[in-house]
Amino acid sequence: IFWFFGINGSNITSPIFTPILTALTLENQAAFAAGTALPNIINREFDAFFALFGGGGSTLSLLIVIFLFCNSRRAKDIAKISIVPGIFGINEPVMYGLPIVLNPIMAIPLIFTPAINVAIAWFVMNSGLVPLCNGIMLPGSTPPLISGFLLCGWQGALLQLVLILIDMAIYLPFIKALDMQFLKEEKGAETEHAV
């Protein structure tokens with residue numbers, strides 16, 4: 001919700017959540033080192049690497065969808081400059097360039113995609129299909145699939161891939177609507193330029 005208004009949400013919430021989530025990660029780290037069962041599904045790494053892919057709103061999936069399904073020059077150009085930073089969790093180029101900030105069309109997937117990721121990842125880890133995060137404290141810029149593998153083995157990487165695909169399905173109808181709007185604007189500009 002903060003991101004919709006152009007405020008980096010994690011910068012606002014980190015002072016509250018980071019100490020709590022880090023303590024939970026350290027408990028998992030100690031249990032992993034001792035060879036005992038890991039106690040916490042929710043921790044710093046779960047939050048950083050299973051809720052968000054490409055920054056706030058899980059926008060890496062949005063960028064992939066733009067490359068695969070959008071036709072407007074504007075959307076494609078933004079995706080081209082945003083994809084590499086997005087792989088490493090930096091999404092300001094797409095947030096402000098598309099824009100997602102103050103864009104009512106993009107508000108719904110921006111807000112709900114991370115919540116859906118958390119619910120699915122929690123359920124899958126709670127059921128034992130994917131191991132819990134082992135306590136390794138990775139830099140926030142570690143790309144998906146690599147981070148999932150380091151934290152939870154191949155199952156973690158597979159879970160991240162599935163979540164990215166789900167996120168793509170969530171973003172698709174919204175970005176297609178925005179792409180249609182961009183195409184109309186581009187066509188109008190071409191007509192105006194031709195006259």
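Colleague: Which residues of α3 and α4 meet in this predicted model, and what makes that a contact?

Modeller: Leu60, Leu63, Ile66 and Phe67 in α3 meet Ala75, Lys76, Ala79, Lys80, Ser82, Ile83, Gly86 and Ile87 in α4, and the word contact applies because heavy atoms lie within 4.5 Å. By class, this contact of α3 with α4 has eight nonpolar, two polar and two charged residues.

Colleague: Which handedness does the crossing of α3 and α4 have?

Modeller: The crossing in which α3 passes α4 is left-handed.

Colleague: What makes Ser58 worth a remark on its backbone, and where does Ser58 lie?

Modeller: Phi of Ser58 is near 55°, which is a positive value in a residue other than glycine, and Ser58 is placed in the loop between α2 and α3.

Colleague: How do you know which form the peptide bond from Leu98 to Pro99 takes?

Modeller: The omega of that bond, from Leu98 to Pro99, is near -10°, and the bond is cis; Pro99 itself is found in the loop between α5, residues 92–97, and α6.

Colleague: What makes a residue part of the lining of the largest pocket, and how many residues line that pocket?

Modeller: A lining residue has an atom within 4 Å of a point of the pocket, and 42 residues line the largest pocket, with Ser10, Asp47, Leu52, Gly55 and Gly56 lying nearest its centre. About 1,100 Å³ of space lies in this pocket.

Colleague: Which helices supply at least two residues of that lining, and which of them gives the largest share?

Modeller: Helices α1 (9–34), α2 (44–50), α6 (104–126) and α7 (146–194) each supply at least two residues, while the largest share, seven residues, comes from α1. By class, the lining of the largest pocket has 21 nonpolar, 17 polar and four charged residues, and Gly is counted among the polar ones.

Colleague: How many helices and strands does the protein chain have, and what does its C-alpha trace span?

Modeller: The protein chain has seven helices and zero strands, and its C-alpha trace spans about 75 × 30 × 25 Å along its principal axes.

Key
Residues numbered from 1 in each chain as written. Predicted model: local features only at pLDDT ≥ 70, side-chain atom pairs only at ≥ 80, totals over all residues. Heavy atoms only, no water. 1 Å grid on protein atoms, 1.4 Å probe; cavity = no way out; pocket = protein on both sides within 12 Å on 5 of 7 lines; lining within 4 Å. Points joined across faces, edges and corners; volume = space filled by probe spheres on them. Helix = DSSP H or I, 4+ residues; strand = E, 2+ residues; numbered from the N terminus. Left-handed = near helix turned anticlockwise from the far one by under 90°.
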